Amino acid sequence: QVQLVESGGGLVQAGDSLRLSCAASGRTVGNYAMGWFRQEAGKEREVVAAIAWSGGSTYYADSVKGRFTISRDNAKNTMYLQMSSLKPDDTAVYYCAAVRSDRYYYTPREVNQYDYWGQGTQVSVSS
């Protein structure tokens with residue numbers, strides 16, 4: 001089993017930056033693809049970004065491209081999401097997710113492609 005814990009959320013103003021962290025435990029996630037999702041109240045969970053186990057491939061939703069950066073440190077069993085130029089539309093609960101995969105460039109983008117989820121961290125952006 002893999003346990004995931006998000007941290008770094010909070011209340012910020014439009015234009016500010018935040019860095020989210022996702023710490024994994026239970027197993028080494030060096031051979032897991034990982035991703036960040038977000039969910040607004042009453043809406044479906046949507047992908048924000050994903051990263052292959054190798055770090056050699058990343059994916060970003062169009063809404064965050066150029067503003068957010070996903071990265072991982074396999075030695076620390078941790079994934080990050082650097083968020084810049086935040087907008088009120090970025091307000092949501094952010095979740096990290098992981099799935100075992102040996103595919104070098106695999107960046108899953110659907111909720112049902114992941115096996116493990118964190119509990120989420122709230123990000124609120126005021127205008």
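**Figure 1. Serine 21, a buried residue of strand β3.** Serine 21 has a relative accessibility of 16% and therefore counts as buried (buried means under 20% relative accessible area, exposed over 50% and partly exposed in between, with a 1.4 Å probe and protein chains only). The residue is part of strand β3 (strands are DSSP runs of E with at least two residues, helices runs of H or I with at least four, both numbered from the N terminus). Apart from neighbours within four places in sequence, serine 21 is in contact with Val5, Glu6, Ser7, Trp36, Thr78, Met79 and Tyr80 (contact means heavy atoms within 4.5 Å). The model is predicted: local features need pLDDT of at least 70, side-chain atom pairs count only at pLDDT 80 or more, and totals for chains, interfaces and linings use all residues. Residues are numbered from 1 along each chain as its sequence is written, and side-chain values use heavy atoms, with hydrogens and water left out.

**Figure 2. The disulfide between cysteine 22 and cysteine 96.** The structure holds 1 disulfide (a pair of cysteine sulfur atoms within 2.5 Å). The S to S distance between cysteine 22 and cysteine 96 is 2.1 Å. Cysteine 22 belongs to strand β3 (residues 18-25) and cysteine 96 to strand β9 (residues 92-100), so the bond ties together parts that are 74 residues apart in sequence. The disulfide is right-handed because the torsion about its S-S bond is about 60°. Cysteine 22 and cysteine 96 are both buried.

**Figure 3. The strands and extent of the chain.** The chain has 11 strands and 0 helices. Along the principal axes, its C-alpha atoms fill a box of roughly 40 × 25 × 25 Å. Of the contacts with a separation of 6 or more, 62% come from residues 24 or more positions apart.

**Figure 4. Surface and charge of the chain.** Of the 127 residues, 45% count as buried. The chain exposes about 6,400 Å², and carbon and sulfur atoms supply 43% of this area (Shrake-Rupley method with a 1.4 Å probe; for residues, only the protein chains shown count as cover). There are 13 positive and 12 negative side chains, and the centres of the two sets lie 5 Å apart. Lys and Arg count as positive and Asp and Glu as negative, while His and the chain ends are not counted. Each charge is placed at NZ of Lys, CZ of Arg, CG of Asp or CD of Glu.
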